[in-house]
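Hi,

Here is the structure I said I would pass on.

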Amino acid sequence: MKQPLYQQILNDLKADITAGTYLPEDKLPTELELSERYGVSRITSKRALVELENEGMIYRLRGKGSFVCAKDDLTAEKTVAKTDILFIMPFPHNAGLGDYTQGMLRCLEETSYRLQVQPHQYLSSTDVAEIVAQYAGIIYYPTNNSSDLELLYGLHLNALPTVLLDKEFESLPFSAVVADNQQGGFEATQHLIAQGHQQVAFVSTEHLGEVSSVRERYFGYMKALHAAGATQPIHLKKTGTEEVSVYLEQVTRQLLDQGITGVIAENDIIAIQLINTMKQMGYQVPADFAVVGFDNIQAASLLEPSLTTISQKFEEMGTIASQTLLAEISQPTQVKEKHIVPVELIVRKSSQIESGG
């Protein structure tokens, strides 16, 4: 089997170091020089250097380069402490979710650690070895429960301190910081029932088996229906490949056909899109349909009508995630925990007709 390109670079560098071509403290070729020499990408050459560092043959100094270690004499100055913490966030431009970052920065400001925020796409060009070599720990916001399982398990095998945000993986032993999604779904549904809605539907674009947060919200919805002695759950889910806009038009027609007047959406983004779709189709919110979202993003209060929603405490969750990660960095054997952060129902116009006067 043909060896990977990075392995060829790695083997050549190891041979040169062993043969004395590069002596202790000699600087190795840069990532760019290696990529040009071997006709490969910088990602490939970088991986070779990361692997060499992991084997203890070289040390790397930020902004200076890679150097051969002195035999049996790797001093404290050459062992560069990893002070960067990586936060992978799939929705970097989503207004409101940035409060996660504020909570993390607040926690880290009195420490020597720096927060590096990267979009989810960053992982497509970065492998486990590089993350382990560069970062002291990672706070990871999964997109769904099948996303990047290989990467996450690799982090586990390499014992890199990792904390999950918003979702959890039952098969992976990571600490997680999540909102009380089930209680949120319960309170949202209970609110609509109290408003007199005889039938309440749950609308989602995600498969419940893939996204733990949406699944918990749905369970909370079911729990509230059961507690009220209401009818069977009505789950209007996106199952095909149609555009979300088409799906939401279909949802609106289904609501009409089934006489459903109350809607719990999986999140604020879907709730806002649904309200806009209803308005475009000539219906009024909340006169025809009452809608409740989840997350309390900034746009929820700016919408007309303003959106009733379940508020997550993003900043507090970010702080707890950082605190948990720092504890695991200092004590790697610490027992992994699940932190559940309370939520709050924010009642606005989309679910409640204002009385006159």
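**What I found**

Ala194 is exposed, with a relative accessible area of 66% (exposed means over 50%, buried under 20% and partly exposed in between, using a 1.4 Å probe and protein chains only). Before you read on: this is a predicted model, where local features need pLDDT of at least 70 and side-chain atom pairs count only at pLDDT 80 or more, while totals for chains, interfaces and linings use all residues. Residues are numbered from 1 along each chain as its sequence is written, and side-chain values use heavy atoms, with hydrogens and water left out.

Back to Ala194, which lies in helix α7 (helices are DSSP runs of H or I with at least four residues, strands are runs of E with at least two, and both are numbered from the N terminus).

Is Thr189 buried or exposed? Thr189 counts as buried, because its relative accessibility is 0%. Setting aside neighbours within four places in sequence, Thr189 is in contact with Val200, Tyr221, Ala224, Leu225 and Ile264 (contact means heavy atoms within 4.5 Å).

Val200 takes us to strand β8, residues 200-204. Five of its five residues are buried, so β8 is largely enclosed by the rest of the structure. In a regular strand the side chains alternate between the two faces of the sheet. In β8 both faces are covered, with Val200, Phe202 and Ser204 buried on one side and Ala201 and Val203 buried on the other.

Which strands does β8 run parallel to? One is β10 (residues 262-265), joined to β8 by four bridges, and there Val203 has Ala265 as its bridge partner. The other is β9 (residues 234-237), also joined to β8 by four bridges, with Ala201 standing opposite Ile234. For pairing, DSSP has to find at least two bridges between two strands.

Elsewhere there is an open sheet of six strands, in the order β4-β3-β5-β6-β7-β13, and the pairing is parallel. Its edge strands are β4 (114-119) and β13 (338-341), each of which pairs on one side only. From one strand to the next the twist averages 20° (axes are lines fitted to C-alpha atoms, for helices over the stretch in contact, and angles run from 0 to 180 degrees between N-to-C directions). Helix α12 (residues 314-330) packs on this sheet and touches β3, β5 (137-140), β6 (162-165), β7 (175-179) and β13. The direction of α12 makes about 165° with that of β6. Strand β3 (residues 84-89) pairs with β4 in the parallel sense over six bridges, and Leu86 has Gln116 in β4 as its bridge partner.

A few overall values to finish:

- The protein has 12 helices and 14 strands.
- Its C-alpha trace spans about 85 × 40 × 35 Å along the principal axes.
- Of its 357 residues, 48% are buried.
- Among contacts between residues at least 6 apart in sequence, 71% join residues at least 24 apart.

Best wishes
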